[in-house]
Amino acid sequence: MLSKNLLNELNEQVNFEFYSSYIYLAMAGYCESIDLVGVANFFRVQAKDELDHAMKLYDYVYQKNGHIELKAIEKPEADYDGMINVFERAYEHEQLITRKIYALADIAHEEREHATMSLLKWFIDEQVEEENNFNNLLRKIRRVEDNPAGLYLMDDELAKRVYINTTANA
């Protein structure tokens, strides 16, 4: 059984993952509005990925006989100052997610809640990949933002990203 403290923190993370999905959907909307539909596709897929993360935690809480408390989702920022700003904010957000997952892992470790530690190891590994992806994309967008041909090629590349539920077998 989960402690009250750990259950509360897992609930906070479920809600934060839903909020993360909103953030990426807002970024997709911004990209759509400036005719970068490939980049918008990338962020739409990312939004779905965050929903999967929320549901992975949601399911775990119920497997441990806990209860989910859904809260209101804050309105995300919708206006950005160009593509560099969008990717900077996305990278910063992934770093925040990592810090939150680490804090959860610290609580699980302190409470010797081994099942939760096992679950959070998946999230920790996922965050290494997420931060790396966003860091690489930020570096690329910095190189091409003032180059319309480069931006077009990057938009075309990101249009090819497809949604895959990575939590299904994890």
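User: Which helix supplies the largest share of the lining of the largest pocket?

Analyst: That share, 6 residues, comes from H4. A helix here is a DSSP run of H or I with at least four residues, numbered from the N terminus. A pocket is an open set of points on a 1 Å grid over the protein atoms alone, where a 1.4 Å probe fits, with protein on both sides within 12 Å along at least five of seven lines; lining residues have an atom within 4 Å of a point. The model is predicted: local features need pLDDT of at least 70, side-chain atom pairs count only at pLDDT 80 or more, and totals for chains, interfaces and linings use all residues. Residues are numbered from 1 along each chain as its sequence is written, and side-chain values use heavy atoms, with hydrogens and water left out.

User: Which residues lie nearest the centre of the largest pocket, and how many line it?

Analyst: The lining has 15 residues, and Gln 46, Asp 49, Glu 129, Asn 133 and Arg 161 lie nearest the centre. Both H2 and H4 supply at least two residues of this lining. The pocket holds about 250 Å³ of space, where a volume is the space filled by probe spheres set on grid points joined across faces, edges and corners.

User: How many residues of each class does this lining have?

Analyst: The lining of the largest pocket has 7 nonpolar, 3 polar and 5 charged residues. In this scheme Ala, Val, Leu, Ile, Met, Phe, Trp, Tyr, Cys and Pro are nonpolar, Asp, Glu, Lys and Arg are charged, and the others, Gly among them, are polar.

User: What lines the second largest pocket?

Analyst: It has 14 lining residues, and Glu 12, Gln 13, Asn 15, Phe 16 and Lys 100 are the closest to its centre. About 220 Å³ of space lies in this second largest pocket. H1 and H3 each give at least two residues to its lining, and H1 has the largest share, with 6 residues. By class, the lining of the second largest pocket has 7 nonpolar, 2 polar and 5 charged residues.

User: How should I read the nonpolar core, and which residues have the most contacts inside the largest one?

Analyst: In soluble globular proteins, nonpolar side chains tend to be buried together. A nonpolar core is a set of buried Ala, Val, Leu, Ile, Met, Phe, Trp, Tyr and Cys residues joined through side-chain atoms within 4.5 Å. The largest one in this structure has 49 residues, and Phe 43, Met 83 and Phe 87 have the most contacts inside it. At least two residues come from each of H1 (4–33), H2 (37–63), H3 (83–110), H4 (114–144) and H5 (148–158). The largest share of this core, 13 residues, comes from H1.

User: Is Phe 43 buried or exposed, and what does it touch?

Analyst: Phe 43, in helix H2, is buried because its relative accessible area is 0%; buried means under 20%, exposed over 50% and partly exposed in between, with a 1.4 Å probe and protein chains only. Not counting residues up to four places away in sequence, Phe 43 touches Tyr 24, Met 27, Ala 28, Cys 31, Val 86, Phe 87, Ala 90 and Phe 134, where contact means heavy atoms within 4.5 Å. Met 83, with residues up to four places away again left out, touches Tyr 30, Cys 31, Ile 34, Leu 36, Val 39, Ile 141, Glu 145 and Leu 151.

User: How many aromatic pairs are found, and why is the pair of Tyr 30 and Tyr 80 given its type?

Analyst: A pair of aromatic rings is described by the distance of the centres and the angle of the planes. Rings of Phe, Tyr and Trp (its six-membered ring) pair if their centres lie within 6.5 Å; planes under 30 degrees apart are stacked, over 60 edge-to-face, and the rest tilted. The whole structure has 11 aromatic pairs. The centres of Tyr 30 and Tyr 80 are 5.4 Å apart and their planes stand at 70°, so this pair is edge-to-face. Tyr 30 is in helix H1 and Tyr 80 in the loop between H2 and H3, 50 residues apart. Tyr 30 counts as buried at 12% relative accessibility, and Tyr 80 is buried at 11%. Tyr 24, Phe 42, Phe 43, Phe 87 and Phe 134 form one aromatic cluster.

User: What is the phi of Asp 35, and where does this residue lie?

Analyst: Most residues other than glycine have a negative phi. Asp 35 has a positive phi of about 65° although it is not a glycine. Asp 35 lies in the loop between H1 and H2 and counts as exposed at 64% relative accessibility. Arg 112 also has a positive phi, near 55°, and lies in the loop between H3 and H4.
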